[in-house]
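The sequence and the model come first, and the description follows.

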Amino acid sequence: MQGHSIANSFNQLISIVNVYLIRSFAFFPAIFSNNGRASALSHLSTVIISTVISTLFLFSFLSGNAQTREPHKAEKTRILFLLDASGSMNAKWEGQKMFNVARQLLTDIVDSVQIATDNVEFGLRMYGHQSPRKEKDCRDTKLEVPFGSENAEAINRAMKNADPQGWTPIAYSLFQAAKDFPGKSSRVKNALILITDGLETCDGDLCAAGRLLRKKRVTLKPFIIGMGLGDQEEYFDCVGQYYDASKAEGFKKVSNLVVSQSLGNTTTQVNLLDKNNQPTITNVPMTFYDAYSGQVLYNFIHTLD
């Protein structure tokens, strides 16, 4: 922000979201709309980056002569896959078992990411794979593979050995998943991706599960991918961001994008100008929050010196 100061009034707030894509490493920008002085200052503490696939928490920086006091940046990303392995996942989907489609795609994603970077850990929890459907087991969930940076083979092996057969205890599985993430740390970004072809069959409280995940510092709003499930955005709204994959190809695209969002590096440029579009006032404090968890991410004060 060389040659500019941060003013008490400003008319422009621009955020550029760089989404890291698996394999291609391409970037896609999303631009905030301009804001007036009163609106910008009143909502400055809750700046939210919205994209077509999720709401990410804001990692931002200012360049130039900014004096900042910022917490440590996240050094590691943990992504937990919560995979539906209930009996309905044996259904054919474009010629293949639905569970096999999910297994192959997750294996490819984990393998590709772990080859490209060593600061990402994946984990795998499944549900509906330990008890036959007739038992109506509403506690049928298990962390099959704990978080690790070189566990693609273990994740693939766990899915290969799984026997989709039981019910769909989504809420209970989410409650258990909250315990899968290691202790709190400001240097780690935690994300959860739920993949399912059905709705809750055990009368579990999805909203309570969503609240617990926020409390446990799952810093990215959970992603829910519905495999041929149709429009269930309202059903899953209090848990996370829902995406419908009506076909296998759509499932592949959505899954890659969701993982990319979980890994995405985000930058923000903030230009604060007066009513004449000029930088005339300085010493304005700003605080940026994680829009999902409410955690403070950055504090800034800009000066002319």
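Which residues do ring pairs link into a cluster? Ring pairs join Tyr 235, Phe 236 and Tyr 242 into a cluster. Here rings of Phe, Tyr and Trp (its six-membered ring) pair if their centres lie within 6.5 Å; planes under 30 degrees apart count as stacked, over 60 as edge-to-face and the rest as tilted.

## Basis of the description

This is a predicted model, in which local features need pLDDT of at least 70 and side-chain atom pairs count only at pLDDT 80 or more, while totals for chains, interfaces and linings use all residues. Residues are numbered from 1 along each chain as its sequence is written, and side-chain values use heavy atoms, with hydrogens and water left out.

## Overview

The protein has six helices and 15 strands. Helices (H or I, at least four residues) and strands (E, at least two) are DSSP runs, numbered from the N terminus. Of the 305 residues, 50% are buried; buried means under 20% relative accessible area, exposed over 50%, and partly exposed in between (1.4 Å probe, protein chains only).

Contact means heavy atoms within 4.5 Å. Among contacts between residues at least 6 apart in sequence, 74% join residues at least 24 apart.

## Nonpolar cores

A nonpolar core is a set of buried Ala, Val, Leu, Ile, Met, Phe, Trp, Tyr and Cys residues joined through side-chain atoms within 4.5 Å. The largest one has 40 residues, of which Phe 81, Leu 83, Leu 124, Ile 193, Ile 195 and Phe 251 touch the most other members. Elements that each supply at least two residues of this core include strand E5 (76-84), helix H2 (98-116), strand E10 (188-196) and helix H6 (248-263). H2 gives the largest share, nine residues.

A second, separate core has 21 residues, including Leu 192, Leu 206, Leu 229 and Tyr 242.

## Helices H2 and H6

H2 and H6 pack at an angle of about 35°, with their axes 11 Å apart. Axes are lines fitted to C-alpha atoms, for helices over the stretch in contact, and angles run from 0 to 180 degrees between N-to-C directions. Val 101, Ala 102, Leu 105, Ile 109 and Val 113 in H2 meet residues of H6, among them Phe 251, Ser 255 and Val 259.

The 16 residues of H6 should span 22 Å at 1.5 Å a residue, and the end C-alpha atoms of H6 are 23 Å apart, which agrees. The expected span is 1.5 Å times one less than the number of residues in the helix. Buried residues of H6 include Ala 248, Phe 251, Val 254 and Val 258.

## Aromatic pairs

The structure holds five aromatic pairs. One of them, Trp 93 with Phe 251, is edge-to-face, at 6.1 Å centre to centre and 65° between the planes. This pair links distant parts of the chain, with Trp 93 in strand E6 (residues 92-93) and Phe 251 in helix H6, 158 residues apart. Trp 93 counts as buried at 8% relative accessibility, and Phe 251 is buried with a relative accessible area of 1%.

The rings of Tyr 235 and Phe 236 have centres 4.9 Å apart and planes at 85°, so this pair is edge-to-face. Tyr 235 counts as partly exposed at 31% relative accessibility, whereas Phe 236 is buried at 1%.

## Asn 190

Asn 190 lies in strand E10 and is buried, with a relative accessible area of 5%. Not counting residues up to four places away in sequence, Asn 190 touches Arg 78, Phe 181, Arg 217, Val 218, Thr 219 and Leu 220.
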